[in-house]
Amino acid sequence: MTNEYMCPYCRGQLKIENDIVLAVRTKTEQRGVLLLSPKLGNYRVRKHADLDLNEGEHLEVFCPMCHSNLKAINVNSDLAEVIMKDDNGDEYQIFFSEIVGEHVTFKIHDSDVESYGDDTGNYMNYFGA
Ligand SMILES: [Zn+2]
């Protein structure tokens, strides 16, 4: 299964081979790029050694192409949103936590909600799951 990931604003491709590429800004205005696993529920993060990420810190997450803030403003200000497209061309909304170390991912298609990660309980109210 080869899922594609896209920016909800410019629909640019966020996945290159086995990484999702996102731009981030920390509370201390440090900017950097994160490489995330495209596998839902895998929280591997790769980054430059100079980018300090502190457990529990909230990151602003941006599209590296159009620079839109990917915050899921209509759902929760601690979640970011991207689009996933599967082999069949079906599209899903993917929500994931912007908090460093918080393992939360939701995959939404119409009223279908799938959740991944240990910390989803904090957000269940937002998806009625
Ligand atoms: Zn974009």
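H67 is exposed, its relative accessible area being 56%. In this predicted model, H67 is placed in the loop between β6 and β7 (79-85). Its phi is near 65 degrees, a positive value in a residue other than glycine. A positive phi, of about 60 degrees, is also found at R11, again not a glycine. R11 belongs to the loop between β1 (4-6) and β2 (15-16). With a relative accessible area of 40%, R11 is partly exposed, because this value falls between the limits of 20% for buried and 50% for exposed residues.

E60 is part of strand β6, which covers residues 60-62. The relative accessible area of E60 is 17%, so the residue counts as buried under the 20% limit. Leaving aside residues up to four places away in sequence, E60 touches A23, V24, R25, N69 and K71. The side chains of E60 and N69 are joined by a polar contact of 2.9 Å. E60 and L79, 19 residues apart in sequence, have a C-alpha to C-alpha separation of 9.7 Å.

The volume of the largest pocket is about 540 Å³. This pocket is lined by 31 residues, of which L36, Y43, V45, F96 and S97 are the closest to its centre. Strands β3 (19-25), β4 (31-36) and β8 (91-97) are the elements that each contribute two or more residues to the lining. Sorted by class, the lining of the largest pocket consists of 19 nonpolar, seven polar and five charged residues.

Notes: Residues numbered from 1 in each chain as written. Predicted model: local features only at pLDDT ≥ 70, side-chain atom pairs only at ≥ 80, totals over all residues. Heavy atoms only, no water. Helix = DSSP H or I, 4+ residues; strand = E, 2+ residues; numbered from the N terminus. Buried < 20%, exposed > 50% of the residue type's maximum accessible area, 1.4 Å probe, protein only. Contact = heavy atoms within 4.5 Å. Polar contact = N/O pair within 3.5 Å; in protein donor to acceptor, adjacent residues only side chain to side chain. 1 Å grid on protein atoms, 1.4 Å probe; cavity = no way out; pocket = protein on both sides within 12 Å on 5 of 7 lines; lining within 4 Å. Points joined across faces, edges and corners; volume = space filled by probe spheres on them. Nonpolar A, V, L, I, M, F, W, Y, C, P; charged D, E, K, R; others polar.
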